[in-house]
Amino acid sequence: MDVVLDFTGLDALIGALREDGRTVVGPVHQDDAITLAELTSAADLPSGWGVETGPGHYRVRRRQDDAVFGHSAGPQSWKSFLHPPRRALVSSDSNGFHAAEVPTPDYAFLGVRPCDLAAIAKLRQIVGGRAPFVVAAQCTEPGEVCFCSSMGCGPGAGQGYDIALTERIDSAGHRFLATSGTTGGADVLARVPARPATTEDVTTAEQDVAAAAGRMGRAMPELDLRDLLAASRDSGHWESVAERCLTCGNCTMVCPTCFCVSVEDTTDLHGGAERSQRWASCFEIDFSYLHGGAVRASGAARYRQWMTHKLGTWHDQFGTSGCVGCGRCIAWCPAGIDITEEAAALGRDHDARGER
């Protein structure tokens, strides 16, 4: 089912999802960034705001139009809602132990980029939970650090969406081609004011998305990354990365698929105690702690662990790469380390050693 919505129709779409009892979450302009928050109407969307990104660089900027999806991935991902940064597990007081009961909202995610759509599928393999209703926003303006096309995760939306939107602003006005991906998506669109899509509407949207694939700011090198990383364990290049890496863990925090956690116990002065789960990072010195010390004590070892898992051994665990090409790890690295450049450098080092 393909229909065309105007801005009023987009607002009605949000209203229909809310009427169904869903908590609608989407992009908003807040704190000098495009973040994710609950939406009450289309007026909450970041109309007229775009971003400029680069290694260690992220800035919002004013656009010349009123596009609401004219920006690339921000600092926040949908992981925050599917796999919260901190979650209570169990607590105790004078009456005994109590399992934490945290209700999970019936989410509708609106404006999900194709890279994040792929990330949601990868993450739900691990954390499970209730599937959200997904309104994807196909990408027609990739950012400077985006490389989803080379990872097979964009700029067009793959499987997993209920509705996919393709935004366009031209002399004919501001409109959104809406394509249903499920019967649930079609049912919602049937309740929203829209006109049937023409062949030209569909073709134009397909052309806009296809053109975006040629405007990616980055590309992962065309190498067998799984085999390359397995063979590069002793590469001297890891020390080169370690000279720049601060081991701050920013890359793992903003990554939409990193899922590692730690468990903490806290007590209070009234005899209460709580056990909670929080996000953890393989860059933390204590993350690999075993009896007597950390297994990965050096920065080189910790960066190698992160990159090798993300691009290599993730295939062994889950049958796919753990990277979707969103570029967040590049933009939010204080040292501006670029995972695509590091992969290419490892390939060159591998060739220089005559191993491939």
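This report walks through the sheet, some backbone details, and the pockets and cavities of a predicted model.

## Ground rules

Residues are numbered from 1 along each chain as its sequence is written, and side-chain values use heavy atoms, with hydrogens and water left out. Because the model is predicted, local features need pLDDT of at least 70 and side-chain atom pairs count only at pLDDT 80 or more, while totals for chains, interfaces and linings use all residues.

## The sheet and a helix on it

Let's begin with an open sheet of 8 strands, ordered β3-β2-β8-β9-β10-β11-β1-β12, in which the pairing is mixed. The edges belong to β3 (33-38) and β12 (195-196); each has a single partner strand, so one side of each is left without a neighbour in the sheet. Helices (H or I, at least four residues) and strands (E, at least two) are DSSP runs numbered from the N terminus, and two strands pair if DSSP finds at least two bridges between them.

Within this sheet, β2 (residues 23-30) and β8 (residues 107-112) run parallel and are joined by 3 bridges. V25 has F109 as its bridge partner in β8. Helix α3 (residues 114-127) packs on the sheet, where it touches β8 and β9 (133-137), and its direction makes about 145° with that of β8. Contact here means heavy atoms within 4.5 Å; axes are lines fitted to C-alpha atoms, for helices over the stretch in contact, and angles run from 0 to 180 degrees between N-to-C directions.

## Backbone details in the loops

Most residues other than glycine have a negative phi, and most peptide bonds are trans.

D31 sits in the loop between β2 and β3 and has a positive phi of about 55° although it is not a glycine. Its relative accessibility is 68%, so D31 counts as exposed (buried means under 20% relative accessible area, exposed over 50%, partly exposed in between, with a 1.4 Å probe and protein chains only).

T247 is partly exposed, at a relative accessible area of 25%. In the loop between β9 and β10 (163-170) you will find P155, which is joined to G154 by a cis peptide bond with omega of about 5°.

## The largest pocket

The largest pocket holds about 480 Å³ of space. It is lined by 22 residues, and F81, L82, P84, R87 and T104 are the closest to its centre. On a 1 Å grid over the protein atoms alone, a pocket is an open set of points with protein on both sides within 12 Å along at least five of seven lines, a cavity is a set where a 1.4 Å probe fits but cannot get out, and lining residues have an atom within 4 Å of a point. Grid points are joined across faces, edges and corners, and a volume is the space filled by probe spheres set on the points.

Both α2 (79-82) and β6 (86-93) supply at least two lining residues, with β6 giving the largest share, 4 residues. The lining comprises 13 nonpolar, 5 polar and 4 charged residues (Ala, Val, Leu, Ile, Met, Phe, Trp, Tyr, Cys and Pro count as nonpolar, Asp, Glu, Lys and Arg as charged, and the others, Gly among them, as polar).

## The cavities

There are 8 cavities of 30 Å³ or more. The largest cavity has a volume of about 140 Å³ and is lined by 18 residues, with C245, C251, Y303, C333 and I337 nearest its centre. α8, α9 (299-318) and α10 (328-331) each supply at least two residues of this lining, which divides into 15 nonpolar, 3 polar and no charged residues.
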